Amino acid sequence: MEQEAKSLGRGRAKGRNRFVPQGAPAGSDIDSDASVMSFSTALEIDSISLRDNDAGSQSSSSTYAPSSTVTGTTDNMSSDESVSTTRQSTETGSSGGRTSTSNYSQESSIVKTINDGFNKVGEDGHKVQVVTNYYQMNETPDFHLYQFRVDFTPVEDNTSIKKALLRQHEDTLNKYVFDGSVMYRTRLIPKEFQTLHATSVAGNVAYTITIRLVGQVNPEDSMYLQFYNIVMRKTMTLINMEELGRNMYDRAAAIKFPQDRLELWPGFITAIRNHERGTLLCVEVTHKVLRTCTVLDLMRAIKQPGMSANDFEKAVRAEIEDTIVMTHYNRRTYTISDVDFKATPASSFRGQDGSIQTYAEYYQCRYNITITEEMMKQPLLVSKPKKKDINKGVTGDIYLLPSLCNPTGLSNDMRKNFSLMKRLSEHLHMDPTTRKKKLDEFMYRLTTNEKVQEEFAAWNIKFAATALNTEARIMKKQQIVLGPDPDSPILPDDKGDWTRPMKNSRSEMLKPEHVKRWVVMSPPKDVPATRSFLTTLKKMGQEIGIQVSQPLDIIEYDVNRYDQTILDEKIRNFGQLDLVFFVLPNNTLRRYAEIKNYTTLVLGVPSQCFLSKNLTNKNLNSIASKVIIQMTAKLGGVPWSVKVPLKKLMVLGLDVYHCSNRKGESAGALVATSSPSLTSYLSLVSFHKDKSELATNLFTDFTIMLQESMRINQYLPSKIVMYRDGVGEGQIGYVLSHEIAQMKLAITDVYGAAGEEMPKLTFVIVTKKINTRAFLNGKQNLPVGTVIDTGVTLPERYDFFLVSQDVRQGTVSPTNYNVVLDEMAMPADRLQLLSYKMCHLYFNWSGTVAVPAPCQYAHKLAYITGVAIGERALPSLTEKLWYL
């Protein structure tokens, strides 16, 4: 990862596929392997020595509160309330702005991606047995189920309240399971019980419950899986776990950090699905960060003496917009889109039944919450309705009271608190032994609890108490080709790292690109240290075969006066440059964005950012070597390669990231290899508001890629492999019908015009954020190069799991590959090997990464474009990895 990359922090995560709010940046579940220690350095620019190892997260689902049009206001929050400023979190262990998906979602219909008769199990590599986090369902129910739709009048959005209302008729309905919308029974419901009446706990709201038969579900039907998962969630409440969003958490086991006003709730992600080895239960450890302060506390902290009302409102919006809050009264999460300073609890709205009431009246009637006179002064938080809210008839904005909402996730101040991050890390970074112990303890609770066993027995369900074993294969280490002698490759170490072997062999870069015409920008106080660093840079460059010329000038700049006009005045008179090197005093996003905007959109040259604190780092030689490698890659050089025997092959990566500076739009980045060695790349980014625009842009950009490949190589590729990141479970069908269709149209146009034979296309969906874990010997991380393609894979898919990257802390998470189109029809282990080889070609780290290099490059390009640039780079940068 480039030094400057983390200066932006991690991106805001789009939600998963289960009714998750899009753009959900905070309040996410934290995977126990989340790089918590990196939170403290998430805004550092010294990550050159680290690998890209994003942590997984799942966002919580959202429901709705009052939806209205404001018709009246009173005074805003008192202006004399002031405490020290606090920085609100915008994300917690997020996956970037990509759609993070679990491989267990049941909301979508199953899409078959494997051809009949194809053997997806490979043979290459050393075979081993591994222990997974899956548990076999020993007995499969053999009875039919009836599925019912349950509706409430007046409309009720709180699942726990709906469950409580239905429980008032538990004796009448007898044995059933209910998830808040759908109910399952083994028998039909008599007509006289299809309309029921219930009263709220407070006794002030009368409900009519309407139960309608939807259909019959047979044991072989995929919908039966939904029934299994509802039963599982119900049994988890029997062991005193609470539902927050889409997962279950143990409040009694909460880890409290009172001095930080923070709680960490441990929990479990569970999902039941049909796999190669039958119906399996997947269990994974997760955590949720809950903050004990309110949003009102944050707003009070922002207010400073002498601050104008206008400045205060701007500061509050900057702090709170796009964050996620959780309400006290129903423990639901909402993404905040705005703060309405003209609205207060005294404002009125028109409800879905047409009645008009104030927000204060609504909270009193609905939740028995009395809004005090002091609370009446608060402005209201605004949240946009989600798709499922709109389906329920909620079309207007949702208004929330700041004092009734808790911010979720970690704030930037918390991330900078090294002591806090270290304490959190002790709980979140579970090594394989600890993680396996937690999973076993959870299954022990389930299999020994009498109430749980009674519930399972009622539905003839039984799970194995021990985890499933399956076969895996460990592929051989891949040879790394360097210069000056490509015929003397080196091997990575056992962790997939060749930094030390490369140094010990005194190898040079495979295809060096020398640093010639460049300038250095430095704060005045850092100029002496910068000159010394440049000497080190030149020396380390010579060791790896890269000539670093003396910069044309070291330009001093005022860190307090910094915009594109000033940059242009200082740099433009040097004429055409190869690169601009910036020494930065800190990691301010605004400064980073100014640099990237100017160098990519005005100058059309790569830039390199470097934190001034690293000018005197004790590991300066190592840092300098990594910076040199990065710079030569940005200029078009090739640090190393691996041997790929396939000829006329093009490998592409595609990823999407939400744009923070283009409201409602996302950046779709497409990266393609442009050399036979698969080490040179073409990169394009386009912007879209919806999936259809993304597919259209893919047609255009892929056409350009093919035409440029023809220009560079004098031939068109005969084999094309696309690695597509950021695809949710419910989007697979769309990828098949639209994105692949657009690629085929582009192929038809370009190859038809050139009179060439049509190529073979293979399309692979790559997913890092999954819940599958596996352990070697039941207690060790899987080694780099491990493939799992049986047992826990899916029968309807051509899929496999690959561990291509080592982790320094916690439990390694394999990457899931779903081959949705395979015209190349290679044996399974050949495609697995190609995917593994491509994980060695990311030039920001002299080691393997979690996904194939074009996929990682696409993620990096989409990310930097989305958070900093907001426009496509100049054409002069299309053939350069300027975004490293």
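Me: What pLDDT does the chain average?

Reply: The average pLDDT of the chain is 84, and 86% of the residues score at least 70. Over residues 1–108, however, the pLDDT is below 50, although this stretch still has 480 contacts in the model beyond near neighbours in sequence. Where pLDDT is low, the predicted coordinates should not be read in detail.

Me: And how many helices and strands does the chain have?

Reply: There are 21 helices and 38 strands in the chain. Of its 884 residues, 61% are buried, and among the contacts with a separation of 6 or more, 77% are between residues 24 or more positions apart. The chain exposes about 33600 Å², of which carbon and sulfur atoms supply 49%.

Me: Switching to rings, how many aromatic pairs turn up in the whole structure?

Reply: The search finds 33 aromatic pairs. One of them joins F227 and Y228 in a tilted arrangement, with 5.9 Å from centre to centre and 45 degrees between the planes, and both F227 and Y228 are buried. Another joins W640 and F843, which are edge-to-face at 5.4 Å centre to centre with 85 degrees between the planes.

Me: Where do W640 and F843 sit in the chain?

Reply: W640 lies in the loop between α17 (620–634) and β30 (649–658), while F843 lies in the loop between α20 (828–838) and α21 (853–869), so that the pair links distant parts of the chain, 203 residues apart. Both W640 and F843 are buried, and both belong to a cluster in which ring pairs also link W498, Y681, Y842, Y857, W882 and Y883.

Me: Which rings have a charged end sitting over them?

Reply: Two examples can be given: the charged end of K175 sits over the ring of W459, 4.8 Å from its centre, and the charged end of K648 sits over the ring of Y715, 5.4 Å from its centre.

Me: Now salt bridges, how many are there?

Reply: The count comes to 38 salt bridges. In one of them E276 pairs with K120, with the closest N and O atoms 2.8 Å apart. This pair links distant parts of the chain, 156 residues apart, with E276 in the loop between β14 (262–275) and β15 (278–291) and K120 in the loop between β3 (67–68) and β4 (126–132).

Me: Why does K120 count as buried?

Reply: K120 counts as buried because its relative accessibility is 5%, under the 20% cut-off. E276, at 36% relative accessibility, counts as partly exposed.

Me: What about a salt bridge between helices?

Reply: E455 and K234 meet in a salt bridge at 3.5 Å, N to O. E455 is in helix α12 (residues 450–458) and K234 is in helix α4 (residues 224–238), 221 residues apart, and this pair too links distant parts of the chain. E455 counts as buried at 13% relative accessibility, whereas K234 is partly exposed, with a relative accessible area of 30%.

Me: Are D568 and R572 buried or partly exposed?

Reply: D568 counts as partly exposed at 27% relative accessibility, and R572 counts as partly exposed at 43%. Their side chains meet in a salt bridge at 3.2 Å, N to O.

Me: Last one, which residues are linked in a network of salt bridges?

Reply: R273, E729, E796 and R797 are linked in such a network.

Note on methods:
Residues numbered from 1 in each chain as written. Predicted model: local features only at pLDDT ≥ 70, side-chain atom pairs only at ≥ 80, totals over all residues. Heavy atoms only, no water. pLDDT = per-residue confidence, 0-100. Contact = heavy atoms within 4.5 Å. Helix = DSSP H or I, 4+ residues; strand = E, 2+ residues; numbered from the N terminus. Buried < 20%, exposed > 50% of the residue type's maximum accessible area, 1.4 Å probe, protein only. Areas by Shrake-Rupley, 256 points an atom, 1.4 Å probe, with all protein chains shown as cover. Phe/Tyr/Trp six-rings, centres within 6.5 Å; stacked < 30°, edge-to-face > 60°. Lys NZ or Arg CZ within 6 Å of the ring centre and 35° of its normal. Salt bridge = Lys/Arg side-chain N within 4 Å of Asp/Glu carboxyl O.
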